[in-house]
Amino acid sequence: MDYFKKLQELVKIEREVDKQAYLELTKSTSINERRANGLAWYPIAIRGSELSRADYLTVEVERTTNTDIAHQLRFGVSAMLFSNHDAQNDHVEGTITFVGGSRLKISLRTDELPEWASNGKLGIDLLF
């Protein structure tokens, strides 16, 4: 039993180290690099929104340019809606609930869009 507990602890440590490395990578790369690596959609436009389960807001967005770049955004992954005006502060996390063509839906952990969402320069970042 001790072997498996130790193994479980080591896996937790490894996951945390991987998460920190990913966060450092995304902080140190530009939006253009993240987009080219398939980790982000930028720029996007909001095409609609609706309340979904548990009063979370589901937002439908569309890539307005760079639609030919392959990406890693998939159903069920964690992602973040952000404003490139102040990406460190202006962001909200959620889960992608639909991806098709150049559109996706993201269920945000909020019941309304933040005020900064109307200021433009919006994007979607893949989270760890």
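## Starting with burial

A residue is called buried when its relative accessible area is under 20%. Asp125 has a relative accessible area of 8%, so this residue counts as buried. Keep that cut-off in mind, as burial comes up again and again below. The model you are looking at is predicted.

## The overall layout

Let us begin with the whole protein. The chain contains 2 helices and 6 strands. Followed along the sequence, these elements come in the order α-α-β-β-β-β-β-β. Along the principal axes, the C-alpha atoms fill a box of roughly 55 × 35 × 30 Å. Of the 128 residues, 32% count as buried.

Helix H1 spans residues 2-28, and Leu7 is part of it. Leu7 also belongs to a nonpolar patch on the surface, together with Tyr3, Phe4, Leu10, Val11, Ile13 and Val17. The accessible area of these residues together is about 710 Å². Leu7 has a relative accessibility of 38%, so it counts as partly exposed. Tyr3 and Phe4, two other members of the patch, are both exposed.

## Two aromatic pairs

A pair of aromatic rings is described by the distance of the centres and the angle of the planes. How many aromatic pairs does the structure hold? There are 2. One of them is formed by Tyr3 and Phe4: the ring centres are 5.2 Å apart and the planes stand at 80 degrees, so this pair is edge-to-face.

Tyr42 and Phe82 make a stacked pair, with 6.2 Å from centre to centre and 15 degrees between the planes. This pair links distant parts of the chain, since Tyr42 sits in strand E1 (residues 40-51) and Phe82 in strand E3 (residues 78-83), 40 residues apart. Are Tyr42 and Phe82 buried or exposed? Tyr42 is buried, and Phe82 is buried too. Tyr3 and Phe4, on the other hand, are exposed.

## Salt bridges across the chain

Side chains of opposite charge can pair when their charged atoms come close. In the whole structure, 6 salt bridges are found. One of these joins Asp125 to Arg34, with 3.1 Å between the closest N and O atoms. The two partners come from distant parts of the chain: Asp125 is in strand E6 (residues 122-126), Arg34 is in helix H2 (residues 31-36), and 91 residues separate them.

Arg47 and Glu62 form another salt bridge, where the closest N and O atoms are 2.6 Å apart. Because Arg47 lies in strand E1 and Glu62 in strand E2, the pair ties together parts that are 15 residues apart in sequence. Arg47 is partly exposed at 43% relative accessibility, whereas Glu62 is buried with a relative accessible area of 18%.

## One more bridge, and a network

Arg109 and Glu93 also meet in a salt bridge through their side chains, at 3.4 Å from N to O. Here too, distant parts of the chain are linked: Arg109 is in the loop between strand E5 (103-108) and E6, and Glu93 is in strand E4 (residues 91-100), 16 residues apart. Both ends are partly exposed, with Arg109 at 44% relative accessibility and Glu93 at 38%.

Asp55, Asp111, Glu112 and Glu115 form a negative surface patch. Asp55 is located in the loop between E1 and strand E2 (57-63), while Glu115 is in the loop between E5 and E6. Asp55 has a relative accessible area of 52%, so it counts as exposed. Glu115 is exposed as well, at 74% relative accessibility.

Notes. Residues numbered from 1 in each chain as written. Predicted model: local features only at pLDDT ≥ 70, side-chain atom pairs only at ≥ 80, totals over all residues. Heavy atoms only, no water. Phe/Tyr/Trp six-rings, centres within 6.5 Å; stacked < 30°, edge-to-face > 60°. Buried < 20%, exposed > 50% of the residue type's maximum accessible area, 1.4 Å probe, protein only. Helix = DSSP H or I, 4+ residues; strand = E, 2+ residues; numbered from the N terminus. Patch = residues over 30% accessible without salt bridge, like charges linked within 9 Å, V, L, I, M, F, W, Y side chains within 5 Å. Areas by Shrake-Rupley, 256 points an atom, 1.4 Å probe, with all protein chains shown as cover. Salt bridge = Lys/Arg side-chain N within 4 Å of Asp/Glu carboxyl O. Lys, Arg positive; Asp, Glu negative; His and termini not counted. Charge placed at Lys NZ, Arg CZ, Asp CG, Glu CD.
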